[in-house]
Amino acid sequence: AVVSTQSTGDFPLRELELVSKDVRLLGAAIDAGLRMDPNNWVLYHLAAMYHRTFTFDLGPAMECTRRALATVDLDNRPVPLLTLANLLHQSRSIPDAMVAVLELLVTDPNNYLHHIEASVLQVAIGRPSGQFRAAMDALTLAHSP
């Protein structure tokens, strides 16, 4: 493998260039998919993850997540709903994030990941006792058969 002699710390710049090209290709593929099927919640969810992870732009990530929620079937609703809760938390919209987590806990109460998210939000609003309870619920569910 050919590696550039220029580097950033221990990470070669050539590797960064390859990753950057792959990320652009990923974004273009998601965009093309949505043009072909504008009601595909999975592609909207991928687009949200793309914006959150690679462009660091919460606005488009939030919009893509909302579109995913508008098109997702009820069985898969917790997937974009958890993403929405995380995005709202990241944007410091804690009350809105709590609403999303409460919906998660109602629609999918046996998923320990939702209880972990509730625990994290309890800390964010300054309720350590609520955080402890939500964490205990998560641990109980994670270790149940």
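**A walk through the model**

Guide: The protein has seven helices and two strands, where helices (H or I, at least four residues) and strands (E, at least two) are DSSP runs numbered from the N terminus. This is a predicted model, in which local features need pLDDT of at least 70 and side-chain atom pairs count only at pLDDT 80 or more, while totals for chains, interfaces and linings use all residues. Residues are numbered from 1 along each chain as its sequence is written, and side-chain values use heavy atoms, with hydrogens and water left out.

Visitor: In what order do the elements of the protein run from the N terminus on?

Guide: The count is seven helices and two strands. Read from the N terminus on, these elements follow the order β-β-α-α-α-α-α-α-α.

Visitor: What percentage of the residues in the protein is buried?

Guide: Buried means under 20% relative accessible area, exposed means over 50%, and partly exposed lies in between, with a 1.4 Å probe and protein chains only. Among the 145 residues in the protein, the buried ones make up 32%.

Visitor: Which residue caps the N-terminal end of H2?

Guide: H2 has 15 residues and reaches 20 Å from its first C-alpha to its last, close to the 21 Å expected at 1.5 Å a residue, the expected span being 1.5 Å times one less than the number of residues. At the N-terminal end of H2, a side-chain oxygen lies 3.0 Å from the backbone nitrogen of Val42, and the residue that provides this cap is Asn40.

Visitor: How is the aromatic pair of Tyr50 and Phe54 classed?

Guide: A search of the whole structure finds one aromatic pair, and rings of Phe, Tyr and Trp (its six-membered ring) pair if their centres lie within 6.5 Å, with planes under 30 degrees apart counted as stacked, over 60 as edge-to-face and the rest as tilted. Both Tyr50 and Phe54 lie in helix H2 (residues 41-55), four residues apart, about one turn of the helix. Because the ring centres of Tyr50 and Phe54 are 5.7 Å apart and the planes stand at 55°, the pair is tilted.

Visitor: Is Tyr50 buried or exposed, and is Phe54 buried or partly exposed?

Guide: Tyr50 has 16% relative accessibility and so counts as buried. Phe54, at 38% relative accessibility, counts as partly exposed.

Visitor: What is the volume of the largest pocket?

Guide: On a 1 Å grid over the protein atoms alone, a pocket is an open set of points where a 1.4 Å probe fits, with protein on both sides within 12 Å along at least five of seven lines, and lining residues have an atom within 4 Å of a point. The lining of the largest pocket includes Asp31, Tyr50, Glu63 and Arg67, and the elements that give two or more residues to it are helix H1 (13-36), H2 and helix H3 (58-71). Its volume, taken as the space filled by probe spheres set on the points, which are joined across faces, edges and corners, is about 180 Å³.

Visitor: With which residue does the side chain of Thr83 make a polar contact?

Guide: Thr83 is found in helix H4, where 10 of the 13 residues are buried, so H4 is largely enclosed by the rest of the structure. Thr83 is itself buried, with a relative accessible area of 6%. A polar contact is a pair of N or O atoms within 3.5 Å, of which, within protein, one must be able to donate a hydrogen and the other to accept it, and residues adjacent in sequence count only if both atoms are side-chain atoms. At 2.8 Å, the side chain of Thr83 makes such a contact with the side chain of His45.

Visitor: What value is the phi of Arg92 near?

Guide: Most residues other than glycine have a negative phi. Arg92 lies in the loop between helix H4 (78-90) and helix H5 (94-107), and is exposed, with a relative accessible area of 71%. Its phi is positive, near 70°.

Visitor: How far apart in space are Glu117 and Met98, C-alpha to C-alpha?

Guide: Glu117 lies in helix H6 and is buried, with a relative accessible area of 8%. Glu117 and Met98 are 19 residues apart in sequence, and their C-alpha to C-alpha distance in space is 9.1 Å.
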